Amino acid sequence: MQQPHYEDKTFEGFDYSGQVTKGGEFQSCTFKKCNFSEADMGNNKFLDCVFESCNLSMVKLGGTTLSDVRFKDCKILGVHFFDCQDFLFSVAFDNCILDYSSFMRKKMVKTKFANSSLMEVNFTQTILTNSVFDKTELSGAVFNGTDLSSANFTLAYNYSIDPELNNVKKASFSLDGVPGLLEKYGLKIV
């Protein structure tokens, strides 16, 4: 059976909430103000696509390819990005709410998170080398066995990262963020 293929197409205002959309390929497509909440988008391929002002909360992405996909002004609550294909996985987030999502064990070199909320996000065993956390809220985010080498946290806030459990070699932090690196020691920094 022929799988749907879309190229350079804009999808605007569609409501796919709770629906199953599998096996399609989307090349250089833009999704604006679409609702994908609780949809099953497994085994789709999104290549060089943009999601803008979309709701992707609780979307299922099993076997989905996300290659050079950018999310802007999106609500992406509780999404298991670890279910996506590892090959060519590349994403960027600007002004998004990613709370309660998980990137566990993903390779995300040079990923950009800007002006976003990443509360309670799971980054366990994730490779985030050279990634940038620009004005990101990281309350309750889990970093355990995470490679954060050369990552930039200078404008991130409310994070707690244990340097003994994570690779933070050459990572950048602001002076205001130092308490988040020493939290486990129960120090009072004034």
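Me: Which residues line the largest cavity?

Reply: A cavity is a set of points on a 1 Å grid over the protein atoms alone where a 1.4 Å probe fits but cannot get out, and lining residues have an atom within 4 Å of a point. In this predicted model, local features need pLDDT of at least 70 and side-chain atom pairs pLDDT 80 or more, while totals for chains, interfaces and linings use all residues. Residues are numbered from 1 along each chain, and side-chain values use heavy atoms, without hydrogens and water. Here the largest cavity is lined by M41, F46, F51, L56, L61, L66 and F71.

Me: How much space lies in the largest cavity?

Reply: A volume is the space filled by probe spheres set on the points, which are joined across faces, edges and corners. For the largest cavity this is about 40 Å³. Its lining has 7 nonpolar residues, no polar and no charged; Leu, Met and Phe count as nonpolar.

Me: Where does F71 stand among the strands?

Reply: Strands are DSSP runs (E, at least two residues), numbered from the N terminus, and two of them pair if DSSP finds at least two bridges between them. F71 is on the covered face of strand β8 (residues 69–72), together with V69, whereas R70 and K72 are on the uncovered face. Strand β6 (residues 50–52) runs parallel to β8, joined by 3 bridges, and F51 has F71 as its bridge partner. Strand β9 (residues 91–94) is also parallel to β8, with 4 bridges; there F93 stands opposite F71.

Technical notes: On a 1 Å grid over the protein atoms alone, a cavity is a set of points where a 1.4 Å probe fits but cannot get out, and a pocket is an open set with protein on both sides within 12 Å along at least five of seven lines; lining residues have an atom within 4 Å of a point. Buried means under 20% relative accessible area, exposed over 50%, partly exposed in between (1.4 Å probe, protein chains only).
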